[in-house]
Amino acid sequence: MKKILIGSGVALFPLLTLAAGLTDLADKVSELFNKALPLLISFAVIYFAWQVIQYTIAGDEGKKENAKMGILWGIVGLFVIVSVWGLVGFLGDTLDIEAGGGISLPELPQGE
């Protein structure tokens with residue numbers, strides 16, 4: 001485990017020393033998250049709907065129990081996704097951060 005942590009630290013050190021590289025990385029992660037969120041919500045809704053259909057057409061009690069658990073986990077998944085989305089929005093509003101705005105990191109003073 002130590003070797004993995006040290007190797008990761010050494011590999012990421014150049015990225016951490018360049019503020020522009022870190023800003024680019026943060027922007028890319030933010031862009032990826034913004035694109036993935038609607039996809040995750042869509043998958044959760046489809047999973048929930050599929051489990052409701054499975055419950056409706058299930059013949060025996062074992063299949064109905066499995067579908068009930070699927071429905072429950074679908075609701076939990078949707079709740080978690082939407083809650084995190086709402087929490088991020090609330091924190092953004094509270095801290096006065098614009099949605100979709102770039103991230104500006106402090107820079108080191110330049111020597112003359």
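## Burial of Q51

A residue is termed buried when its relative accessible area is under 20%. In this predicted model, Q51 has a relative accessibility of 12% and therefore counts as buried. The residue is part of helix α2, which covers residues 19-57.

Once neighbours within four places in sequence are set aside, the contacts of Q51 are with N66, A67, G70 and I71.

## Nonpolar core

The largest nonpolar core is made up of five residues, namely L37, I41, A44, L78 and I81. Two or more of its residues come from each of the elements α2 and α3, the latter spanning 61-94. Helix α2 is the main contributor, giving three residues to this core.

Within this set, A44 is in contact with L78 and I81, neighbours within four places in sequence being left aside.

## Salt bridge

Side chains of opposite charge can pair when their charged atoms come close. The structure contains one salt bridge. It joins the side chains of E65 and K68, with an N to O distance of 3.5 Å. Both residues belong to helix α3, and because they are three residues apart, about one helical turn separates E65 from K68.

With a relative accessibility of 40%, E65 counts as partly exposed. K68, at 39%, likewise counts as partly exposed.

## Aromatic rings

The count of aromatic pairs is zero.

Definitions and conventions
Residues numbered from 1 in each chain as written. Predicted model: local features only at pLDDT ≥ 70, side-chain atom pairs only at ≥ 80, totals over all residues. Heavy atoms only, no water. Phe/Tyr/Trp six-rings, centres within 6.5 Å; stacked < 30°, edge-to-face > 60°. Helix = DSSP H or I, 4+ residues; strand = E, 2+ residues; numbered from the N terminus. Buried < 20%, exposed > 50% of the residue type's maximum accessible area, 1.4 Å probe, protein only. Contact = heavy atoms within 4.5 Å. Core = buried A, V, L, I, M, F, W, Y, C linked by side-chain atoms within 4.5 Å. Salt bridge = Lys/Arg side-chain N within 4 Å of Asp/Glu carboxyl O.
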